Amino acid sequence: MAHLEILVSELPTLIQSLKLTIGDSNEIMEQIIIINNAQEKLRNIKKLIVQELQFDRLKNSAIATLPRLITVATLFIPRLELVDPVIIEKFGNSETKISLTDLLSKIDSWIEWGYFLQAIAADILSEVKLVNQLNSDIIHPSIPSEFKTLAESLKISLDLRKSNILQHQIQQIDNYQKQLLQLQEKLNYIFNTVKNSRSLLNILLGVSAFYGKSGFALEWLDDDHELIISSEEKFQELTDILNDCDFFQEQVSTLIIQGNTLIEQAEEALKNIEQKINKEPIISQKVEIAPKFATPKIVRSALLIASSLLILGFCGWKLREQNPQLQQIRLSLTQEGSAIAPDAGAAIANFKSAQKLGMEAASLVQKPPHPLKVWQQAQNKWHQAIILLDSIPHKTSVYDQAEKKLAYYQINYKSISQRVLIEKKALANLESAQKLAMEANLFVKNSPHSQLSRQQAQEKWQQAINLLKAIPESTFLSVQAKEMLPIYKTNYAAISQIYQY
């Protein structure tokens, strides 16, 4: 028995080693050996427990318990206090006394989990493409890290007085915008891969792309047989990763809009600077015309001054002589300009209107969350702005600017449209939950003594609770949902208690 107690005292360490860290594929083989060793020790403990149970049966013991395991079970208590609630089932409970039969059942589960991990490891190592992808992911930052870096980078204070700095800042923001778009695409890939793949290996590829160089480990299966994953001492289920993808999608959309707003402000400031610069030379030319021609290279003697005056007179005569030709050129340019003026004027007007709508839309969605109505207003403004920009003809002076803004506005429109869908879903959930709550109350009110009515009411409350829980925290209705949730849970608990009796 002493030998059994010693082995049981090693259980916390053994259980913790029953995980598969996925990142660097070169380390997977080493982990298989560690898992195999842990299984061997578990099998030894199992063998000793079986022997002890057989001995107890001979003594006609009805329930075999091991008083000396009280100290062993105590070893689990500090571990459980440090373990995330998501993973607590892997380590068992914190009872101070555990029966040998229960311990035997847990050991069987742990050994089976070890076989599962070994099978996954073998599948990974047999897929060359999968190994290459895992090795590629491990050199890139995780989604949370990448988002944090971009969010910090976009905290730019524009220098609205210096054009060279502004141009550099616009280029910086434009680069960050491209990185945000890439991050958005990556999030879409991860979400779709994890949610829609039926192959566990494909799911692991999505998870690998999410965690990047942080790496991750397969820890356990919960009661619903959902995979529990750890990374940097944080435990998550696959559904948590999907929720994180939703959260980061919303945050990335907000950053894209923020970046576009900064570009708008910087370009407007550049335009103002250019207008000021263009006005200044005109004034100085009027003042400097006379000295420029009257005193070319004032040196040595008055003879040079007289020569320069003769040159001035000659030049003036030549200009007057060429004046009819200049007038003809000027006339043709005027006629050409008047021919395209209507299109050019309309294009400029449309461009300015689109800019105004874009600024209004960006202003509307600053500092979320907002009600659905606000997101829809911004969505409509982006849509109108896109239509205006898309209508600008190719040969007009603002076409290139319009094309650039059109690309930004389309990104903004797509981001806002996603947010509108999220808010609509949240609103639908809230309204459905309220409707279910009313129906639950009616069941109880109309048939207070009917067991079937109470059961139906209980189901309605549970459905309503699930709908409220599904409302994302980033939505406008999240606060209202959180206020309603405790009330619904109380009602559910009350009806459940009545139903039991």
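In the predicted model, the largest pocket has a lining of 15 residues, and those lying nearest its centre are Asn243, Lys469, Ile471, Pro472 and Glu473. The space in this largest pocket comes to about 620 Å³. Three helices, α12, α16 (451–469) and α17 (478–500), each supply at least two residues of its lining.

The secondary structure of the protein chain as a whole consists of 17 helices and 4 strands. Of its 501 residues, 38% count as buried, and the chain exposes about 29,400 Å², of which carbon and sulfur atoms supply 56%. When contacts between residues at least 6 apart in sequence are considered, 71% of them join residues at least 24 apart.

The largest nonpolar core contains 99 residues, and within it Leu11, Ile124, Leu204, Val207, Leu218 and Ile229 touch the most other members. Helix α12 (residues 238–294), which also contributes to the lining of the largest pocket, provides the largest share of this core, with 15 residues. For Val207, once neighbours within four places in sequence are left aside, the contacts are with Val194, Phe216, Ile229, Leu238 and Ile241. Another core, of 18 residues, lies apart from the largest one and includes Ala440, Trp461, Ala464 and Leu485.

A further local example is Gln376, which is found in helix α14 (residues 372–390). Not counting residues up to four places away in sequence, Gln376 touches Val420 and Lys424. Glu423 lies 47 residues from Gln376 along the chain, and the C-alpha atoms of the two are separated by 9.8 Å.

Helix α9 (residues 143–153) has the highest confidence, at a mean of 94, whereas helix α4 (residues 69–74) has the lowest, at a mean of 37. Over residues 60–82 the pLDDT stays under 50, and for this stretch the model has 42 contacts beyond four places in sequence. The pLDDT is also below 50 over residues 282–323, a stretch with 5 contacts in the model beyond near neighbours in sequence. Where pLDDT is low, the predicted coordinates should not be read in detail.

Conventions: Residues are numbered from 1 along each chain as its sequence is written. This is a predicted model: local features need pLDDT of at least 70, side-chain atom pairs count only at pLDDT 80 or more; totals for chains, interfaces and linings use all residues. Side-chain values use heavy atoms; hydrogens and water are left out. A nonpolar core is a set of buried Ala, Val, Leu, Ile, Met, Phe, Trp, Tyr and Cys residues joined through side-chain atoms within 4.5 Å. Buried means under 20% relative accessible area, exposed over 50%, partly exposed in between (1.4 Å probe, protein chains only). Contact means heavy atoms within 4.5 Å. Accessible areas come from the Shrake-Rupley method with a 1.4 Å probe; for residues, only the protein chains shown count as cover. pLDDT is the predictor's confidence in each residue, from 0 to 100. On a 1 Å grid over the protein atoms alone, a cavity is a set of points where a 1.4 Å probe fits but cannot get out, and a pocket is an open set with protein on both sides within 12 Å along at least five of seven lines; lining residues have an atom within 4 Å of a point. Grid points are joined across faces, edges and corners, and a volume is the space filled by probe spheres set on the points.
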